[in-house]
Amino acid sequence: MENTIFVRVDEVGGWHGTEHQSRFGEPDDEWVEYEVVDGEMVSFKEQTPSAYENGISCYRLEEGNGLVKLVEYLTSMYWGWEQKQLTIFRGELLDHEGSDGEDLATCTATIKQVKAADILNQVEELMDDLEFEDITEEEYESKLKALAAQLIKEEN
């Protein structure tokens, strides 16, 4: 599926565009991007290539459902998103899933990067409103689609 639009969460400044590749899990306090091995600077990726997914972990942004999946994933991992960014990018869906069942894709272009809390708090609120029957299923879907459309809109 070429030209699909995806969403993912990153550390602020952690997105590497078309060169991005996802790792399994988050680095811990001992993790360093580069270290000296036998007198040469060696990247973490060169030291442990098996620590990387075969693509970019993400969710399709179709009609907002990817935003819901992202919130569900993050809350299941007890991650906060106050210091994170959402990365919206265009790419191609790969034919296999990531280690946590998420989509894997390649990136052909970055659409935008926005503060994660601004969007994910809205999604979480919509999910709560639906669960407590404060809005109908139709209103919920309409608001998710509108939020997704806002994110997909490319900045000039």
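Analyst: Start with the burial cut-offs. Buried means under 20% relative accessible area, exposed means over 50%, and partly exposed lies in between. This model is predicted. Take Glu-137: its relative accessible area is 38%, so it is partly exposed. Glu-137 sits in helix 4 (residues 137–152).

User: Which patch of charge does the surface carry?
Analyst: A negative one. Glu-62, Glu-63, Glu-137, Glu-138, Glu-139 and Glu-141 gather there.

User: What is the overall layout of the elements?
Analyst: The order from the N terminus is β-β-β-α-β-α-β-β-α-α. That gives four helices and six strands. Of the 156 residues, 39% are buried.

User: How many salt bridges does a search of the whole structure find?
Analyst: A salt bridge needs a Lys or Arg side-chain nitrogen within 4 Å of a carboxyl oxygen of Asp or Glu. The search finds three. One joins Arg-8 and Asp-10, at 2.7 Å, N to O. Both residues are buried. Arg-8 lies in strand 1 (residues 4–11), and its side chain also reaches the backbone oxygen of Ser-57 at 2.5 Å.

User: Which parts of the chain does the Lys-84 and Glu-11 pair link?
Analyst: Lys-84 and Glu-11 form a salt bridge at 2.4 Å, N to O. The pair links strand 5 (residues 84–93) to strand 1, 73 residues apart. Lys-84 has 14% relative accessibility, so it counts as buried. Glu-11, at 39%, is partly exposed.

User: Is Asp-103 buried or exposed?
Analyst: Asp-103 is buried, because its relative accessible area is 13%. Its salt-bridge partner is Arg-60, at 3.1 Å, N to O. The pair links strand 4 (residues 56–60) and strand 6 (residues 103–115). Arg-60, at 23%, counts as partly exposed.

Technical notes. Residues are numbered from 1 along each chain as its sequence is written. This is a predicted model: local features need pLDDT of at least 70, side-chain atom pairs count only at pLDDT 80 or more; totals for chains, interfaces and linings use all residues. Side-chain values use heavy atoms; hydrogens and water are left out. Patches are made of residues with over 30% relative accessible area and no salt bridge: like charges are joined within 9 Å, nonpolar side chains (Val, Leu, Ile, Met, Phe, Trp, Tyr) within 5 Å. Accessible areas come from the Shrake-Rupley method with a 1.4 Å probe; for residues, only the protein chains shown count as cover. Lys and Arg count as positive and Asp and Glu as negative; His and the chain ends are not counted. The place of a charge is taken as NZ of Lys, CZ of Arg, CG of Asp or CD of Glu. Helices (H or I, at least four residues) and strands (E, at least two) are DSSP runs, numbered from the N terminus. Buried means under 20% relative accessible area, exposed over 50%, partly exposed in between (1.4 Å probe, protein chains only). A polar contact is a pair of N or O atoms within 3.5 Å; within protein, one must be able to donate a hydrogen and the other to accept it, and residues adjacent in sequence count only if both atoms are side-chain atoms.
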